[in-house]
Amino acid sequence: MWHFPKVAAIVCLIGLSACVSSYSAANPKTPDEQTPVANVPTEGNSRLLTDLPKSTPNRELLVQSWDSYRQRFIQSDGRVIDYEASDRSTSEGQAYALLRAVLINDPATFALTLNWSENNLQRQAAGKRTDSLWAWKWGRKEDGNWGVIDSNFASDGDIDAITALILASRRWHQPEYLELAKLKLQDLWNLSTISKTQGERYLLPGPVAAFVPDASTVYLNPSYFAPYAFRIFAQVDPQHDWLSLVDSSYQVLENSATLSSVGLPSDWVALNTKTGQYQTLPASSNLKSLYSFDSYRVWWRLSLDATWFKSPQAQRYLVTSTQHLQKLWSKKSIPARIDLQGKALVDYEATSQYAMLYAAMQVVKPAIAQELLVKKILPQYKQGIWGDQSAYYTQNLAWLGLLPPKTIPQRLLK
């Protein structure tokens, strides 16, 4: 089975034109062909194992794969390297490392990753930092130097980083992490949420200028919506109505599903804020309205809300919007990309999709979850790595999908 990494896209501010950064699936270099990555300090598998309940499914695999990931993909200074995209680093990648580190209780890797991110992903204008959010892309510039390549932010990375900071402050009793999270929350609210004519407030994928092409249209990415995170944000930042984003997230998820004749979420959708109608993005756009590598994350994010906060909206959505995928699974194969009419666009599969869907099926159809695990996810795992040893995106989604939400101590969520 082949699996391909995510095709990530972000809109450039200059002229509101779309600039797509995609992960190459053709002959990517392996880590062994790059500059060697110095391992981050290890605290030992045995110590990490003690922090996961003994009843945790795939307990040793989760520890081993995290240890393998941090040795293969995280430099000694805390930079996460994406080998399939010119050795770049992204805010998303740094945030995944933070989230995974706090979930498995690895404070050393957390601190290193946070330190590198804060020192290198600053958004600046005229040499001064403009806000506390992170520039989304860092790598080799045209002049050969390394640094920020695109200073726009991607709100999913910042949301995951802030969530990790709040959990870390509670897990390790580090108040400075909470203070940083609160600082970032102010900027996330001010720069990446928007209130339109009907009074709803929406999470934008990035800067307003990039994702609001005109007075009545916003471009949205359903896989960025993290209701569980917004509930946690509301606990620490009562000055802003984060729970309104829970409501609008489910509104967008449920109503935009009507764009698909089979009810699937889409990587990207357009909302007319005056009429409340949803549309696919223009064919000329590099941001595509289809079910693909971005929208997989909807299953995982809502599974967290269903498990951690007993959300009936999450439960309902997971039941209804996975129906087509359940039907496809009855034939034991789900394509990696599907159009909104339910037609397969490729003939390959994706381990990252199966892992995210596994999280959803654990909530609504445990028997299917077990089949996905045994037939599609575990067979791709060898010596700490899922599939290709340079597949950064697959490693993160596979791990996050397999980690049972119930292993997280309740005290971290309240």
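How many helices and strands are there in the protein chain? There are 15 helices and 14 strands.

## Model and overall make-up

This is a predicted model, in which local features need pLDDT of at least 70 and side-chain atom pairs count only at pLDDT 80 or more, while totals for chains, interfaces and linings use all residues. Residues are numbered from 1 along each chain as its sequence is written, and side-chain values use heavy atoms, with hydrogens and water left out.

Helices (H or I, at least four residues) and strands (E, at least two) are DSSP runs, numbered from the N terminus. The protein chain has 414 residues, and 62% of them count as buried. Buried means under 20% relative accessible area, exposed over 50%, and partly exposed in between (1.4 Å probe, protein chains only). Take the contacts between residues at least 6 apart in sequence: 67% of these join residues at least 24 apart. A contact here means heavy atoms within 4.5 Å.

The structure holds 14 salt bridges. The criterion is a side-chain nitrogen of Lys or Arg within 4 Å of a carboxyl oxygen of Asp or Glu.

Arg-297 pairs with Asp-156, with the closest N and O atoms 2.9 Å apart. Arg-297 lies in helix H10 and Asp-156 in helix H5 (residues 155-171), so this pair ties together parts that are 141 residues apart in sequence. Both Arg-297 and Asp-156 are buried. They also belong to a network of salt bridges that links Glu-92, Asp-156, Asp-294 and Arg-297. A further salt bridge joins Asp-160 to Arg-301, where the closest N and O atoms are 3.0 Å apart. Again the link spans distant parts of the chain: Asp-160 is in helix H5, Arg-301 in helix H10, 141 residues apart. Asp-160 counts as buried at 2% relative accessibility. Arg-301 is buried too, with a relative accessible area of 0%.

Asp-305 meets Arg-231 in a salt bridge (2.8 Å, N to O). Asp-305 lies in helix H10 and Arg-231 in helix H8 (residues 227-236), so the pair ties together parts that are 74 residues apart in sequence. Asp-305 is buried, and its relative accessible area is 0%.

## The largest pocket

Rolling a probe the size of a water molecule over the atoms shows where empty space is left. On a 1 Å grid over the protein atoms alone, a cavity is a set of points where a 1.4 Å probe fits but cannot get out; a pocket is an open set with protein on both sides within 12 Å along at least five of seven lines; lining residues have an atom within 4 Å of a point. Grid points are joined across faces, edges and corners, and a volume is the space filled by probe spheres set on the points.

The largest pocket has a volume of about 280 Å³. It is lined by 18 residues, of which Thr-307, Ala-359, Gln-362, Val-363 and Pro-405 are the closest to its centre. Helix H10 (297-308), helix H13 (351-364) and helix H15 (392-402) each supply at least two residues of this lining. The largest share, five residues, comes from H10. By class, the lining of the pocket has 12 nonpolar, five polar and one charged residues. Ala, Val, Leu, Ile, Met, Phe, Trp, Tyr, Cys and Pro count as nonpolar, Asp, Glu, Lys and Arg as charged, and the others, Gly among them, as polar.

## Cavities

A search of the whole structure finds four cavities of 30 Å³ or more. The second largest cavity holds about 40 Å³ of space. Its lining includes Leu-103, Trp-300, Leu-304, Trp-308 and Pro-405. H10 gives the most to this lining, with three residues. The class count for the second largest cavity is nine nonpolar, no polar and no charged residues.

## Strand pairing

Two strands pair if DSSP finds at least two bridges between them. Strand S4 (residues 122-125) and strand S5 (residues 128-134) run antiparallel, joined by three bridges. Gln-124 has Arg-129 in S5 as its bridge partner. S4 and S5 form a hairpin with two residues between them, and Ala-126 in the turn has a positive phi of about 55 degrees.

Three other strands form an open antiparallel sheet in the order S10-S11-S12. Strand S10 (217-220) and strand S12 (278-279) stand at the edges, each with a single partner strand, so one side of each is left without a neighbour in the sheet. Two bridges join strand S11 (residues 269-272) to S12. Ala-270 has Gln-279 in S12 as its bridge partner.
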